[in-house]
Amino acid sequence: MISIPHKTKQFLVLIVKLLIVGGAFYFIYNQLANNDKLDWNKFIVLFNKNQSIIGIGFILLLSILNRLFEILKWQNLVSTLCKISKLEATKQVLAALTAGLFTPNGVGEYAGKALFYDKSETKQIVFLNLICNGIQMVLTVIFGIFGLLYFNANYNVITTRTVLLLFGILIFTFIVLFSIKGITVKGYSIEKLIHKINEIPKSIHRKNIFLAVCRYIVFSHQYYFLFLAFDVDLPYLTLMSAITSVYFLASSLPTFQFLDFAVKGSVAVYFFGILGVNEWIVIFISTLMWFLNVVLPVLIGSYYVLNFKTKKPI
């Protein structure tokens with residue numbers, strides 16, 4: 001096995017850090033500066049009209065809570081392996097978010113967190129991160145289905161026959177997965193995965209679910225309050241059903257973190273267009289959500305990436 005000199009290893013690690021941070025900043029700038037759908041003049045006029053220190057502070061507080069619940073989720077789950085402080089959990093979550101910014105569906109986030117641990121613990125860290133993200137996806141699907149059904153009942157986006165067909169496909173998929181759970185592929189099976197999930201104490205699972213629900217409530221209502229700030233006057237249930245539907249459908253599409261607002265924005269334009277909301281407002285709110293909940297944490301995460309010290313050979 002080839003041994004890499006210490007100086008060379010340090011140089012390579014520095015290059016990787018600069019590529020991650022440089023790439024993150026480039027993608028953020030490119031999306032904000034070259035998006036011709038963002039009408040900054042309209043935004044400034046509306047901002048000057050409705051600006052409120054309390055309102056801005058409240059929206060920023062929701063962004064902090066959103067990321068805080070994610071940090072607490074990670075601290076809670078990784079406690080099954082070792083105890084870490086909130087500061088350490090913050091460092092790992094934000095650095096991993098930065099690393100996963102331009103990878104499909106944030107796959108780089110898994111590798112980002114694993115780098116903070118010994119090589120022997122990599123599989124366990126990846127598994128815990130899967131649980132961390134998995135519960136959020138499950139909640140997105142559950143709330144999204146109910147939101148979509150409510151929205152569809154009022155606006156007939158799809159026919160009743162299509163709804164029944166989709167439920168039929170979903171039930172069939174669960175039956176197939178349950179039937180083949182014992183089949184092993186390269187040492188892995190659904191049955192083993194369920195067994196491994198059950199090895200985690202129930203108290204950890206309960207706390208994970210509670211924090212995930214809190215996080216979902218926070219970011220979905222941040223979306224809601226931004227619509228109110230942009231003078232969108234719609235019934236609460238109608239607006240929330242559209243929001244949960246957008247998150248559900250957008251999360252089902254493969255994408256990159258730096259394109260997240262574009263994907264959600266495209267889906268949102270369709271749903272809120274049905275409600276008569278101006279397209280530029282929908283695009284701006286989607287962009288603001290992305291900026292507040294991805295860009296700002298990535299800026300902080302970049303600091304942790306640049307200060308990261310590898311524990312093992314690369």
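This is a predicted model: local features need pLDDT of at least 70, side-chain atom pairs count only at pLDDT 80 or more; totals for chains, interfaces and linings use all residues.
Residues are numbered from 1 along each chain as its sequence is written, and side-chain values use heavy atoms, with hydrogens and water left out.

**Exercise 1.** Work out how α3 and α6 are oriented to each other.

*Step 1.* Find the helices: α3 covers residues 53–78 and α6 covers 122–155.

*Step 2.* Take the geometry: their axes sit 10 Å apart, at an angle of about 135 degrees.

*Step 3.* Classify it. Under 35 degrees is roughly parallel, over 145 roughly antiparallel, 65 to 115 roughly perpendicular, and the rest oblique. So α3 and α6 are oblique.

*Step 4.* See who touches (heavy atoms within 4.5 Å): α3 brings E70, K73, W74, L77 and V78, and residues from α6 including I125, L128 and I131 meet them.

**Exercise 2.** Classify the ring pair F230 and W280 and say what it ties together.

*Step 1.* Get the rule: ring centres must lie within 6.5 Å; planes under 30 degrees apart are stacked, over 60 edge-to-face, the rest tilted.

*Step 2.* Apply it: F230 and W280 have centres 6.2 Å apart and planes at 65 degrees, making the pair edge-to-face.

*Step 3.* F230 is in the loop between α9 and α10 and W280 in helix α12, so the pair joins parts 50 residues apart in sequence.

*Step 4.* Check burial (under 20% relative accessible area, 1.4 Å probe, protein chains only): F230 and W280 are both buried.

Notes: Axes are lines fitted to C-alpha atoms, for helices over the stretch in contact, and angles run from 0 to 180 degrees between N-to-C directions. Helices (H or I, at least four residues) and strands (E, at least two) are DSSP runs, numbered from the N terminus. Rings of Phe, Tyr and Trp (its six-membered ring) pair if their centres lie within 6.5 Å; planes under 30 degrees apart count as stacked, over 60 as edge-to-face and the rest as tilted. Buried means under 20% relative accessible area, exposed over 50%, partly exposed in between (1.4 Å probe, protein chains only).
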